[in-house]
Amino acid sequence: MKKLKIINLKKVQNIATARSIKLSEDTLDQKERANGFLQEVGDMALFIKQLFKETFSRNFEFKEFLRQCYEIGNKSLPLIIITGTIMGLVLTIQSRPAMAKFGAVTMLPGMVAVSLIREIGPIITALICAGKIGSGMGAELGSMKVTEQIDAMEVSATNPIRYLVVTRVLAATLMLPILVLFADAFGFIGSWIGVNIKGDVSLVLYIFQAFGSITFLDFFPALVKTFLFGAVIGIVGCYKGFTAGRGTESVGKAANAAVVLSSLLIIIVDMIAVQITDMLL
Amino acid sequence: MKNTQEGSLENISEDKETAETLVEIKNLKKSFGRLEVLKDISLKLRNGENLVVLGKSGSGKSVLIKCIVRLLNPDGGTINLLGENVGSIKGKKLSEVRKKIGFLFQSGALYDSMTVKQNLEFPLRRIKRDLNEQEIDEKVKEVLDNVGLPNALKSMPSELSGGMRKRISLARSIILDPVIMLYDEPTTGLDPVTSDEISELINSVQKKYKTSSIIITHDIACVRITADRIIMLHKGYVYAEGTLAEFEKSDDPLIMSFFK
(Lines give C-alpha, C1' and ligand atoms only; values in the text may rest on other atoms or scores of the structure.)
Protein backbone atom coordinates (compact mmCIF):
# COMPACT_ATOMS: atom_id res chain seq x y z
CA MET A 1 0.00 0.00 0.00
CA LYS A 2 1.11 3.54 -0.81
CA LYS A 3 2.35 5.55 2.18
CA LEU A 4 0.05 8.36 3.31
CA LYS A 5 1.48 11.67 2.11
CA ILE A 6 1.54 14.40 4.80
CA ILE A 7 2.73 17.84 3.84
CA ASN A 8 5.00 19.89 6.13
CA LEU A 9 2.43 22.40 7.26
CA LYS A 10 4.75 24.55 9.39
CA LYS A 11 7.02 25.29 6.44
CA VAL A 12 4.24 26.37 4.12
CA GLN A 13 2.60 28.43 6.85
CA ASN A 14 5.81 30.40 7.41
CA ILE A 15 6.09 31.17 3.70
CA ALA A 16 2.47 32.33 3.65
CA THR A 17 2.91 34.60 6.66
CA ALA A 18 5.97 36.22 5.14
CA ARG A 19 4.13 36.93 1.89
CA SER A 20 0.68 37.85 3.17
CA ILE A 21 0.26 41.16 5.04
CA LYS A 22 1.98 44.03 3.27
CA LEU A 23 -0.02 46.97 4.58
CA SER A 24 -0.87 47.62 8.18
CA GLU A 25 -4.44 46.88 9.29
CA ASP A 26 -5.18 50.57 10.01
CA THR A 27 -4.20 51.68 6.55
CA LEU A 28 -6.38 49.02 5.02
CA ASP A 29 -9.37 49.99 7.18
CA GLN A 30 -9.17 53.64 6.10
CA LYS A 31 -8.80 52.65 2.48
CA GLU A 32 -11.78 50.28 2.70
CA ARG A 33 -13.99 52.95 4.24
CA ALA A 34 -13.04 55.50 1.60
CA ASN A 35 -13.63 53.01 -1.19
CA GLY A 36 -16.94 51.74 0.20
CA PHE A 37 -19.23 54.29 -1.45
CA LEU A 38 -17.42 54.30 -4.80
CA GLN A 39 -17.37 50.52 -4.76
CA GLU A 40 -21.16 50.44 -4.28
CA VAL A 41 -21.69 52.90 -7.15
CA GLY A 42 -19.34 50.91 -9.38
CA ASP A 43 -21.01 47.61 -8.51
CA MET A 44 -24.43 49.04 -9.26
CA ALA A 45 -23.22 50.41 -12.60
CA LEU A 46 -21.87 46.98 -13.52
CA PHE A 47 -25.15 45.39 -12.41
CA ILE A 48 -27.13 47.78 -14.65
CA LYS A 49 -24.76 47.11 -17.55
CA GLN A 50 -25.29 43.37 -17.14
CA LEU A 51 -29.05 43.93 -16.86
CA PHE A 52 -29.13 45.83 -20.18
CA LYS A 53 -27.01 43.18 -21.85
CA GLU A 54 -29.35 40.38 -20.72
CA THR A 55 -32.52 42.38 -21.51
CA PHE A 56 -31.68 42.35 -25.19
CA SER A 57 -30.33 38.81 -25.32
CA ARG A 58 -32.13 35.78 -26.75
CA ASN A 59 -34.30 33.38 -24.73
CA PHE A 60 -36.34 36.00 -22.90
CA GLU A 61 -38.16 34.45 -19.93
CA PHE A 62 -41.64 35.51 -21.01
CA LYS A 63 -43.57 33.23 -18.64
CA GLU A 64 -41.66 34.52 -15.61
CA PHE A 65 -42.13 38.10 -16.87
CA LEU A 66 -45.92 37.59 -16.99
CA ARG A 67 -45.85 36.06 -13.50
CA GLN A 68 -43.96 39.08 -12.20
CA CYS A 69 -46.42 41.47 -13.92
CA TYR A 70 -49.21 39.65 -12.07
CA GLU A 71 -47.32 39.73 -8.76
CA ILE A 72 -46.37 43.40 -9.08
CA GLY A 73 -49.45 44.75 -10.85
CA ASN A 74 -52.44 42.75 -9.72
CA LYS A 75 -51.34 42.16 -6.15
CA SER A 76 -50.52 45.86 -5.58
CA LEU A 77 -53.82 47.05 -7.02
CA PRO A 78 -55.99 46.97 -3.86
CA LEU A 79 -53.41 48.99 -1.93
CA ILE A 80 -53.09 51.52 -4.77
CA ILE A 81 -56.89 51.85 -5.12
CA ILE A 82 -57.37 52.54 -1.40
CA THR A 83 -54.42 54.95 -1.27
CA GLY A 84 -55.50 56.76 -4.45
CA THR A 85 -59.05 57.24 -3.20
CA ILE A 86 -57.93 58.58 0.17
CA MET A 87 -55.31 60.78 -1.52
CA GLY A 88 -57.98 62.48 -3.68
CA LEU A 89 -60.41 62.77 -0.78
CA VAL A 90 -57.91 64.32 1.63
CA LEU A 91 -56.43 66.66 -0.97
CA THR A 92 -59.92 67.99 -1.77
CA ILE A 93 -60.96 68.41 1.87
CA GLN A 94 -57.66 70.17 2.73
CA SER A 95 -57.71 72.47 -0.31
CA ARG A 96 -61.36 73.49 -0.08
CA PRO A 97 -61.03 76.19 2.67
CA ALA A 98 -58.13 77.90 0.86
CA MET A 99 -60.02 77.82 -2.46
CA ALA A 100 -63.18 79.08 -0.72
CA LYS A 101 -61.24 82.11 0.63
CA PHE A 102 -60.63 83.22 -2.96
CA GLY A 103 -64.11 82.21 -4.09
CA ALA A 104 -62.62 79.58 -6.36
CA VAL A 105 -64.38 76.45 -5.10
CA THR A 106 -65.54 75.68 -8.64
CA MET A 107 -61.89 75.36 -9.64
CA LEU A 108 -61.33 72.65 -7.03
CA PRO A 109 -61.75 69.66 -9.41
CA GLY A 110 -59.30 71.19 -11.88
CA MET A 111 -56.73 71.97 -9.21
CA VAL A 112 -56.97 68.49 -7.69
CA ALA A 113 -56.76 66.87 -11.14
CA VAL A 114 -53.60 68.77 -12.10
CA SER A 115 -52.00 68.00 -8.70
CA LEU A 116 -52.87 64.32 -8.96
CA ILE A 117 -51.81 63.83 -12.55
CA ARG A 118 -48.63 65.88 -12.44
CA GLU A 119 -47.15 65.05 -9.09
CA ILE A 120 -49.10 63.47 -6.25
CA GLY A 121 -50.35 60.39 -8.12
CA PRO A 122 -46.96 59.35 -9.55
CA ILE A 123 -44.85 60.14 -6.48
CA ILE A 124 -47.17 58.64 -3.85
CA THR A 125 -47.76 55.50 -5.94
CA ALA A 126 -44.03 55.16 -6.57
CA LEU A 127 -43.19 55.54 -2.87
CA ILE A 128 -45.84 52.99 -1.88
CA CYS A 129 -44.52 50.59 -4.52
CA ALA A 130 -40.96 51.17 -3.31
CA GLY A 131 -42.17 49.93 0.08
CA LYS A 132 -44.21 47.03 -1.20
CA ILE A 133 -42.47 45.86 -4.38
CA GLY A 134 -38.91 47.03 -3.67
CA SER A 135 -38.79 45.46 -0.23
CA GLY A 136 -40.39 42.29 -1.61
CA MET A 137 -37.76 41.98 -4.33
CA GLY A 138 -34.92 42.73 -1.91
CA ALA A 139 -36.16 40.15 0.59
CA GLU A 140 -37.01 37.46 -1.98
CA LEU A 141 -33.75 37.68 -3.91
CA GLY A 142 -31.81 38.17 -0.68
CA SER A 143 -33.23 34.99 0.77
CA MET A 144 -32.59 33.16 -2.53
CA LYS A 145 -29.00 34.34 -2.31
CA VAL A 146 -28.63 33.25 1.32
CA THR A 147 -30.13 29.81 0.66
CA GLU A 148 -27.90 29.34 -2.42
CA GLN A 149 -30.86 29.23 -4.82
CA ILE A 150 -29.22 31.83 -7.09
CA ASP A 151 -26.00 29.79 -7.09
CA ALA A 152 -28.03 26.68 -7.95
CA MET A 153 -29.53 28.53 -10.91
CA GLU A 154 -26.11 29.65 -12.09
CA VAL A 155 -24.63 26.17 -11.77
CA SER A 156 -27.46 24.68 -13.81
CA ALA A 157 -26.41 27.04 -16.63
CA THR A 158 -29.41 29.35 -16.21
CA ASN A 159 -28.52 33.03 -16.16
CA PRO A 160 -30.01 34.36 -12.88
CA ILE A 161 -29.81 37.96 -14.11
CA ARG A 162 -31.95 37.05 -17.12
CA TYR A 163 -34.41 34.91 -15.18
CA LEU A 164 -34.73 36.85 -11.93
CA VAL A 165 -33.64 40.43 -12.57
CA VAL A 166 -34.64 41.27 -16.16
CA THR A 167 -38.16 39.93 -15.64
CA ARG A 168 -38.66 41.83 -12.37
CA VAL A 169 -37.21 45.12 -13.58
CA LEU A 170 -39.25 45.06 -16.81
CA ALA A 171 -42.41 44.08 -14.95
CA ALA A 172 -41.92 46.91 -12.44
CA THR A 173 -41.16 49.39 -15.24
CA LEU A 174 -44.32 48.47 -17.14
CA MET A 175 -46.65 47.98 -14.20
CA LEU A 176 -45.93 51.20 -12.33
CA PRO A 177 -47.46 53.53 -14.97
CA ILE A 178 -50.57 51.34 -14.97
CA LEU A 179 -50.77 51.48 -11.18
CA VAL A 180 -50.35 55.27 -11.33
CA LEU A 181 -53.27 55.49 -13.78
CA PHE A 182 -55.40 53.50 -11.32
CA ALA A 183 -54.25 55.74 -8.45
CA ASP A 184 -55.16 58.85 -10.47
CA ALA A 185 -58.55 57.45 -11.46
CA PHE A 186 -59.49 56.51 -7.91
CA GLY A 187 -58.00 59.81 -6.73
CA PHE A 188 -60.61 61.55 -8.91
CA ILE A 189 -63.34 59.43 -7.34
CA GLY A 190 -62.05 60.26 -3.85
CA SER A 191 -61.92 63.93 -4.78
CA TRP A 192 -65.49 63.79 -6.13
CA ILE A 193 -66.60 62.29 -2.78
CA GLY A 194 -64.69 65.11 -1.03
CA VAL A 195 -66.38 67.77 -3.16
CA ASN A 196 -69.78 66.24 -2.40
CA ILE A 197 -69.27 66.33 1.37
CA LYS A 198 -70.02 70.07 1.32
CA GLY A 199 -71.60 70.41 -2.07
CA ASP A 200 -73.56 68.63 -4.75
CA VAL A 201 -71.68 67.91 -7.94
CA SER A 202 -72.53 64.99 -10.24
CA LEU A 203 -69.70 62.63 -11.22
CA VAL A 204 -70.09 63.55 -14.88
CA LEU A 205 -69.81 67.28 -14.14
CA TYR A 206 -66.88 66.68 -11.82
CA ILE A 207 -65.01 64.67 -14.47
CA PHE A 208 -65.82 67.27 -17.10
CA GLN A 209 -64.40 70.03 -14.87
CA ALA A 210 -61.36 67.98 -13.88
CA PHE A 211 -60.40 66.90 -17.39
CA GLY A 212 -61.07 70.39 -18.71
CA SER A 213 -58.05 71.59 -16.76
CA ILE A 214 -55.65 68.89 -17.89
CA THR A 215 -53.62 69.10 -21.08
CA PHE A 216 -51.46 66.53 -22.80
CA LEU A 217 -48.42 68.37 -21.44
CA ASP A 218 -49.61 67.71 -17.89
CA PHE A 219 -50.09 64.05 -18.57
CA PHE A 220 -47.17 63.04 -20.80
CA PRO A 221 -44.12 64.07 -18.68
CA ALA A 222 -45.81 62.53 -15.62
CA LEU A 223 -46.30 59.27 -17.51
CA VAL A 224 -42.68 59.20 -18.68
CA LYS A 225 -41.32 59.65 -15.17
CA THR A 226 -43.47 56.80 -13.83
CA PHE A 227 -41.58 54.41 -16.15
CA LEU A 228 -38.36 55.70 -14.60
CA PHE A 229 -39.76 55.25 -11.08
CA GLY A 230 -40.68 51.65 -11.94
CA ALA A 231 -37.20 50.99 -13.31
CA VAL A 232 -35.61 52.51 -10.18
CA ILE A 233 -37.72 50.30 -7.88
CA GLY A 234 -36.92 47.18 -9.90
CA ILE A 235 -33.21 47.82 -10.28
CA VAL A 236 -32.59 48.86 -6.66
CA GLY A 237 -34.73 46.02 -5.23
CA CYS A 238 -33.01 43.40 -7.36
CA TYR A 239 -29.53 44.84 -6.82
CA LYS A 240 -29.91 44.90 -3.05
CA GLY A 241 -31.30 41.36 -3.01
CA PHE A 242 -28.67 40.08 -5.38
CA THR A 243 -25.82 41.55 -3.35
CA ALA A 244 -27.16 40.50 0.06
CA GLY A 245 -24.53 39.13 2.41
CA ARG A 246 -24.63 35.83 4.25
CA GLY A 247 -27.11 34.93 6.98
CA THR A 248 -30.75 35.79 7.56
CA GLU A 249 -29.88 39.21 8.97
CA SER A 250 -28.69 40.32 5.56
CA VAL A 251 -32.11 39.53 4.07
CA GLY A 252 -33.73 42.12 6.36
CA LYS A 253 -30.92 44.57 5.59
CA ALA A 254 -31.36 44.04 1.85
CA ALA A 255 -35.12 44.66 2.05
CA ASN A 256 -34.62 47.76 4.18
CA ALA A 257 -31.86 49.15 1.97
CA ALA A 258 -34.01 48.52 -1.12
CA VAL A 259 -36.84 50.66 0.30
CA VAL A 260 -34.61 53.46 1.58
CA LEU A 261 -32.45 53.77 -1.53
CA SER A 262 -35.28 53.43 -4.05
CA SER A 263 -37.41 56.02 -2.17
CA LEU A 264 -34.49 58.43 -2.17
CA LEU A 265 -33.75 57.84 -5.84
CA ILE A 266 -37.44 58.27 -6.75
CA ILE A 267 -37.44 61.72 -5.16
CA ILE A 268 -34.17 62.63 -6.91
CA VAL A 269 -35.46 61.38 -10.28
CA ASP A 270 -38.68 63.33 -9.71
CA MET A 271 -36.75 66.51 -9.00
CA ILE A 272 -34.67 66.08 -12.17
CA ALA A 273 -37.76 65.24 -14.22
CA VAL A 274 -39.57 68.35 -12.98
CA GLN A 275 -36.55 70.53 -13.84
CA ILE A 276 -36.28 69.05 -17.33
CA THR A 277 -40.03 69.44 -17.93
CA ASP A 278 -39.86 73.02 -16.71
CA MET A 279 -37.01 73.83 -19.10
CA LEU A 280 -38.58 72.15 -22.11
CA LEU A 281 -42.20 73.33 -21.77
CA MET B 1 -18.54 -1.65 2.24
CA LYS B 2 -15.37 -0.35 0.59
CA ASN B 3 -13.39 0.22 3.74
CA THR B 4 -13.65 -3.43 4.83
CA GLN B 5 -11.80 -4.80 1.79
CA GLU B 6 -8.23 -3.58 1.74
CA GLY B 7 -7.25 -5.66 -1.30
CA SER B 8 -9.95 -4.17 -3.49
CA LEU B 9 -9.06 -0.72 -2.20
CA GLU B 10 -5.51 -1.06 -3.48
CA ASN B 11 -6.83 -2.14 -6.86
CA ILE B 12 -9.15 0.83 -7.04
CA SER B 13 -6.27 3.13 -6.15
CA GLU B 14 -3.99 1.67 -8.86
CA ASP B 15 -6.72 1.72 -11.51
CA LYS B 16 -7.45 5.36 -10.85
CA GLU B 17 -3.80 6.39 -11.22
CA THR B 18 -4.02 5.62 -14.92
CA ALA B 19 -7.59 6.87 -15.38
CA GLU B 20 -8.48 10.03 -17.27
CA THR B 21 -8.31 13.24 -15.19
CA LEU B 22 -11.58 15.18 -15.22
CA VAL B 23 -10.65 17.93 -12.79
CA GLU B 24 -7.13 19.17 -12.20
CA ILE B 25 -6.49 21.99 -9.74
CA LYS B 26 -3.02 23.54 -9.46
CA ASN B 27 -1.89 26.00 -6.77
CA LEU B 28 -5.39 27.37 -6.14
CA LYS B 29 -5.58 30.49 -3.97
CA LYS B 30 -8.64 32.31 -2.69
CA SER B 31 -8.94 35.12 -0.14
CA PHE B 32 -11.85 37.11 1.24
CA GLY B 33 -10.45 40.52 2.17
CA ARG B 34 -7.48 39.75 4.36
CA LEU B 35 -8.63 36.24 5.16
CA GLU B 36 -6.74 33.71 3.08
CA VAL B 37 -9.02 30.69 2.85
CA LEU B 38 -7.25 28.65 0.20
CA LYS B 39 -3.49 29.19 0.20
CA ASP B 40 -2.17 26.54 -2.15
CA ILE B 41 -4.45 23.71 -3.21
CA SER B 42 -3.62 21.16 -5.88
CA LEU B 43 -5.70 18.05 -6.58
CA LYS B 44 -6.99 15.78 -9.33
CA LEU B 45 -10.32 14.03 -9.86
CA ARG B 46 -10.05 10.93 -12.00
CA ASN B 47 -12.75 9.40 -14.13
CA GLY B 48 -15.15 7.19 -12.17
CA GLU B 49 -13.85 7.91 -8.69
CA ASN B 50 -15.41 9.41 -5.59
CA LEU B 51 -12.93 11.91 -4.18
CA VAL B 52 -13.76 13.03 -0.66
CA VAL B 53 -12.43 16.39 0.50
CA LEU B 54 -12.26 16.26 4.25
CA GLY B 55 -11.54 19.02 6.70
CA LYS B 56 -12.71 20.99 9.71
CA SER B 57 -15.31 23.73 9.39
CA GLY B 58 -13.66 26.83 7.94
CA SER B 59 -10.90 24.89 6.23
CA GLY B 60 -12.07 26.11 2.81
CA LYS B 61 -13.83 22.99 1.53
CA SER B 62 -16.95 24.75 0.29
CA VAL B 63 -14.90 27.61 -1.15
CA LEU B 64 -12.87 25.04 -3.09
CA ILE B 65 -15.94 23.38 -4.61
CA LYS B 66 -17.46 26.77 -5.52
CA CYS B 67 -14.22 27.80 -7.24
CA ILE B 68 -14.42 24.66 -9.37
CA VAL B 69 -17.70 25.79 -10.98
CA ARG B 70 -16.68 29.48 -10.90
CA LEU B 71 -19.32 30.50 -8.39
CA LEU B 72 -16.28 32.12 -6.82
CA ASN B 73 -13.37 33.51 -8.80
CA PRO B 74 -10.00 32.19 -7.63
CA ASP B 75 -7.23 34.69 -6.87
CA GLY B 76 -4.53 32.44 -8.25
CA GLY B 77 -3.81 29.01 -9.67
CA THR B 78 -5.59 27.08 -12.41
CA ILE B 79 -8.64 24.82 -12.51
CA ASN B 80 -8.89 22.51 -15.46
CA LEU B 81 -12.42 21.15 -15.70
CA LEU B 82 -13.23 18.64 -18.45
CA GLY B 83 -10.36 20.00 -20.54
CA GLU B 84 -11.29 23.68 -20.10
CA ASN B 85 -9.43 26.21 -18.00
CA VAL B 86 -12.36 27.44 -15.90
CA GLY B 87 -10.61 30.71 -15.03
CA SER B 88 -10.34 31.83 -18.65
CA ILE B 89 -13.77 30.90 -20.03
CA LYS B 90 -17.01 32.81 -19.66
CA GLY B 91 -20.47 33.21 -21.12
CA LYS B 92 -21.65 30.39 -23.35
CA LYS B 93 -18.52 28.30 -22.96
CA LEU B 94 -18.78 28.41 -19.17
CA SER B 95 -22.45 27.45 -19.41
CA GLU B 96 -21.55 24.50 -21.65
CA VAL B 97 -19.09 23.22 -19.04
CA ARG B 98 -21.57 23.80 -16.21
CA LYS B 99 -24.21 21.73 -18.00
CA LYS B 100 -21.96 18.71 -17.45
CA ILE B 101 -21.71 19.34 -13.72
CA GLY B 102 -24.24 18.40 -11.06
CA PHE B 103 -24.03 20.35 -7.80
CA LEU B 104 -25.72 19.31 -4.58
CA PHE B 105 -25.78 22.32 -2.28
CA GLN B 106 -25.44 22.10 1.49
CA SER B 107 -28.91 23.60 1.98
CA GLY B 108 -30.45 21.72 -0.94
CA ALA B 109 -31.13 25.10 -2.63
CA LEU B 110 -34.55 24.06 -3.92
CA TYR B 111 -36.52 26.97 -5.42
CA ASP B 112 -39.01 27.87 -2.69
CA SER B 113 -41.65 29.27 -4.99
CA MET B 114 -41.85 26.14 -7.16
CA THR B 115 -43.22 22.64 -6.61
CA VAL B 116 -40.90 19.63 -6.70
CA LYS B 117 -41.96 18.97 -10.30
CA GLN B 118 -41.23 22.56 -11.34
CA ASN B 119 -37.88 22.41 -9.54
CA LEU B 120 -36.92 19.34 -11.53
CA GLU B 121 -38.24 20.69 -14.80
CA PHE B 122 -36.44 24.01 -14.39
CA PRO B 123 -33.00 22.97 -15.74
CA LEU B 124 -34.52 20.63 -18.34
CA ARG B 125 -36.76 23.29 -19.91
CA ARG B 126 -33.89 25.74 -20.19
CA ILE B 127 -31.12 23.46 -21.35
CA LYS B 128 -32.76 20.57 -23.21
CA ARG B 129 -35.18 22.69 -25.20
CA ASP B 130 -35.83 19.96 -27.77
CA LEU B 131 -37.63 17.72 -25.24
CA ASN B 132 -41.42 17.55 -25.48
CA GLU B 133 -43.79 17.49 -22.48
CA GLN B 134 -43.96 13.69 -22.38
CA GLU B 135 -40.19 13.33 -22.42
CA ILE B 136 -39.85 15.90 -19.66
CA ASP B 137 -42.44 14.06 -17.54
CA GLU B 138 -40.63 10.76 -18.11
CA LYS B 139 -37.27 12.24 -17.14
CA VAL B 140 -38.73 13.80 -13.99
CA LYS B 141 -40.34 10.48 -13.02
CA GLU B 142 -37.09 8.61 -13.69
CA VAL B 143 -34.96 10.80 -11.43
CA LEU B 144 -37.58 10.81 -8.69
CA ASP B 145 -37.68 7.00 -8.79
CA ASN B 146 -33.89 6.94 -8.62
CA VAL B 147 -33.83 9.01 -5.44
CA GLY B 148 -36.67 7.00 -3.90
CA LEU B 149 -39.35 9.71 -3.87
CA PRO B 150 -41.74 8.87 -6.70
CA ASN B 151 -44.76 10.53 -5.06
CA ALA B 152 -43.31 13.94 -4.19
CA LEU B 153 -44.18 15.63 -7.49
CA LYS B 154 -46.73 18.13 -6.23
CA SER B 155 -45.12 18.93 -2.88
CA MET B 156 -43.63 22.33 -2.12
CA PRO B 157 -40.05 22.38 -0.74
CA SER B 158 -41.36 23.75 2.57
CA GLU B 159 -43.42 20.56 3.03
CA LEU B 160 -40.38 18.28 2.76
CA SER B 161 -38.10 16.98 5.50
CA GLY B 162 -34.34 17.68 5.40
CA GLY B 163 -33.54 14.26 3.94
CA MET B 164 -36.28 14.54 1.32
CA ARG B 165 -35.00 17.97 0.28
CA LYS B 166 -31.51 16.55 -0.19
CA ARG B 167 -32.94 13.72 -2.32
CA ILE B 168 -34.97 16.11 -4.48
CA SER B 169 -31.97 18.38 -4.81
CA LEU B 170 -29.91 15.38 -5.87
CA ALA B 171 -32.62 14.45 -8.38
CA ARG B 172 -32.43 17.98 -9.82
CA SER B 173 -28.64 17.70 -10.06
CA ILE B 174 -28.71 14.42 -11.99
CA ILE B 175 -31.59 15.27 -14.31
CA LEU B 176 -29.19 16.64 -16.93
CA ASP B 177 -27.04 13.46 -16.82
CA PRO B 178 -23.90 15.14 -15.46
CA VAL B 179 -20.36 13.85 -15.96
CA ILE B 180 -19.16 15.18 -12.61
CA MET B 181 -21.12 15.48 -9.36
CA LEU B 182 -20.05 17.97 -6.72
CA TYR B 183 -21.52 17.40 -3.26
CA ASP B 184 -21.25 20.18 -0.69
CA GLU B 185 -21.71 18.63 2.76
CA PRO B 186 -24.43 16.21 1.58
CA THR B 187 -25.19 14.82 5.04
CA THR B 188 -25.03 18.00 7.14
CA GLY B 189 -28.04 18.48 9.39
CA LEU B 190 -29.39 14.96 8.88
CA ASP B 191 -29.85 12.17 11.42
CA PRO B 192 -27.37 9.25 11.18
CA VAL B 193 -29.84 6.92 9.44
CA THR B 194 -30.81 9.47 6.77
CA SER B 195 -27.13 10.46 6.43
CA ASP B 196 -26.23 6.85 5.60
CA GLU B 197 -29.13 6.66 3.14
CA ILE B 198 -27.89 9.79 1.35
CA SER B 199 -24.34 8.42 1.30
CA GLU B 200 -25.59 5.15 -0.22
CA LEU B 201 -27.58 7.20 -2.72
CA ILE B 202 -24.36 8.99 -3.75
CA ASN B 203 -22.81 5.61 -4.53
CA SER B 204 -25.88 4.43 -6.40
CA VAL B 205 -25.95 7.66 -8.48
CA GLN B 206 -22.28 7.14 -9.29
CA LYS B 207 -22.97 3.63 -10.56
CA LYS B 208 -26.20 4.42 -12.42
CA TYR B 209 -25.10 7.66 -14.08
CA LYS B 210 -21.38 6.75 -14.31
CA THR B 211 -20.40 10.02 -12.66
CA SER B 212 -17.19 11.04 -10.96
CA SER B 213 -17.70 12.93 -7.72
CA ILE B 214 -16.06 15.37 -5.38
CA ILE B 215 -17.68 15.07 -1.98
CA ILE B 216 -17.05 17.82 0.55
CA THR B 217 -17.71 16.60 4.06
CA HIS B 218 -16.56 16.32 7.64
CA ASP B 219 -18.90 13.40 8.31
CA ILE B 220 -16.73 10.29 8.74
CA ALA B 221 -19.67 7.91 8.25
CA CYS B 222 -20.22 9.49 4.83
CA VAL B 223 -16.49 9.23 4.09
CA ARG B 224 -16.49 5.52 4.98
CA ILE B 225 -19.39 4.78 2.64
CA THR B 226 -18.43 6.92 -0.34
CA ALA B 227 -14.67 7.53 -0.49
CA ASP B 228 -12.41 5.99 -3.12
CA ARG B 229 -9.73 8.55 -2.30
CA ILE B 230 -9.49 11.24 0.38
CA ILE B 231 -7.87 14.66 0.44
CA MET B 232 -7.67 16.44 3.76
CA LEU B 233 -7.61 20.25 3.89
CA HIS B 234 -6.16 22.13 6.82
CA LYS B 235 -5.58 25.89 7.11
CA GLY B 236 -5.86 26.41 3.38
CA TYR B 237 -3.46 23.66 2.33
CA VAL B 238 -3.75 20.03 1.30
CA TYR B 239 -2.69 18.38 4.52
CA ALA B 240 -2.90 14.73 3.53
CA GLU B 241 -3.92 12.57 0.60
CA GLY B 242 -4.60 8.85 0.43
CA THR B 243 -7.16 6.08 0.56
CA LEU B 244 -9.58 5.45 3.40
CA ALA B 245 -7.47 2.56 4.68
CA GLU B 246 -4.36 4.75 4.72
CA PHE B 247 -6.18 7.47 6.63
CA GLU B 248 -7.57 5.01 9.16
CA LYS B 249 -4.11 3.61 9.84
CA SER B 250 -2.47 7.03 10.19
CA ASP B 251 -1.02 8.05 13.55
CA ASP B 252 -1.07 11.77 12.70
CA PRO B 253 -2.95 13.54 15.54
CA LEU B 254 -5.07 15.71 13.22
CA ILE B 255 -6.14 12.76 11.08
CA MET B 256 -6.72 10.65 14.18
CA SER B 257 -9.02 13.35 15.56
CA PHE B 258 -11.34 12.69 12.61
CA PHE B 259 -11.08 8.90 12.47
CA LYS B 260 -10.97 7.95 16.15
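With 19 C-beta neighbours inside 10 Å, R70(B) counts as partly exposed, a class that lies between buried (20 or more other C-beta atoms within 10 Å of the residue's own) and exposed (12 or fewer), with C-beta atoms placed from the backbone. The model is predicted, and local features therefore need pLDDT of at least 70 and side-chain atom pairs pLDDT 80 or more, whereas totals for chains, interfaces and linings use all residues. Residues are numbered from 1 along each chain as its sequence is written, while chains are lettered from A and ligands numbered from 1 in the order in which they are written.

The backbone of R70(B) has a phi near 60 degrees, a positive value in a residue other than glycine. R70(B) is located in the loop between helix 2 (61-68) and strand 4 (76-81) of chain B; helices (H or I, at least four residues) and strands (E, at least two) are DSSP runs, numbered from the N terminus. A positive phi, near 50 degrees, is also found at N27(B), again a residue other than glycine. N27(B) belongs to strand 1 (residues 21-32) of chain B and, because 13 C-beta neighbours lie inside 10 Å, counts as partly exposed.

In chain B, strand 9 (residues 229-234) pairs with strand 10 in the antiparallel sense over five bridges, where pairing requires at least two bridges found by DSSP. I230(B) stands opposite G242(B) of strand 10. Two residues separate the strands of this hairpin, in which K235(B) adopts a positive phi near 50 degrees. Strand 10 (residues 237-242) of chain B is mostly covered, six of its six residues being buried.

The largest nonpolar core comprises 120 residues, and V53(B), I68(B) and L182(B) have the most contacts inside it. Such a core is a set of buried Ala, Val, Leu, Ile, Met, Phe, Trp, Tyr and Cys residues joined through C-beta atoms within 7 Å. Helix 7 (residues 160-197) of chain A gives the most to this core, with 14 residues. Apart from this core lies another, of 13 residues, including L108(A), I117(A), W192(A) and V195(A). When residues up to four places away in sequence are not counted, V53(B) touches K61(B), L64(B), I214(B), I215(B), I216(B), I231(B) and L233(B), contact being defined by C-beta atoms, placed from the backbone, within 7 Å.

Chain A contains ten helices and one strand, arranged along the sequence as β-α-α-α-α-α-α-α-α-α-α. Of its 281 residues, 38% count as buried. Among contacts in chain A between residues at least 6 apart in sequence, 88% join residues at least 24 apart.

Within chain A, the axes of helix 5 (residues 108-146) and helix 9 (residues 216-242) come within 7 Å and cross at roughly 15 degrees. Axes are lines fitted to C-alpha atoms, for helices over the stretch in contact, and angles run from 0 to 180 degrees between N-to-C directions. Helix 5 and helix 9 of chain A are therefore roughly parallel to each other, a class that holds angles under 35 degrees.

In chain B, helix 4 (residues 116-127) and helix 6 (residues 162-174) pack at an angle of about 25 degrees, with axes 8 Å apart. Helix 4 and helix 6 of chain B are therefore also roughly parallel to each other.

Definitions and conventions
Two residues are in contact if their C-beta atoms, placed from the backbone, lie within 7 Å. Angles under 35 degrees count as roughly parallel, over 145 as roughly antiparallel, 65 to 115 as roughly perpendicular and the rest as oblique.
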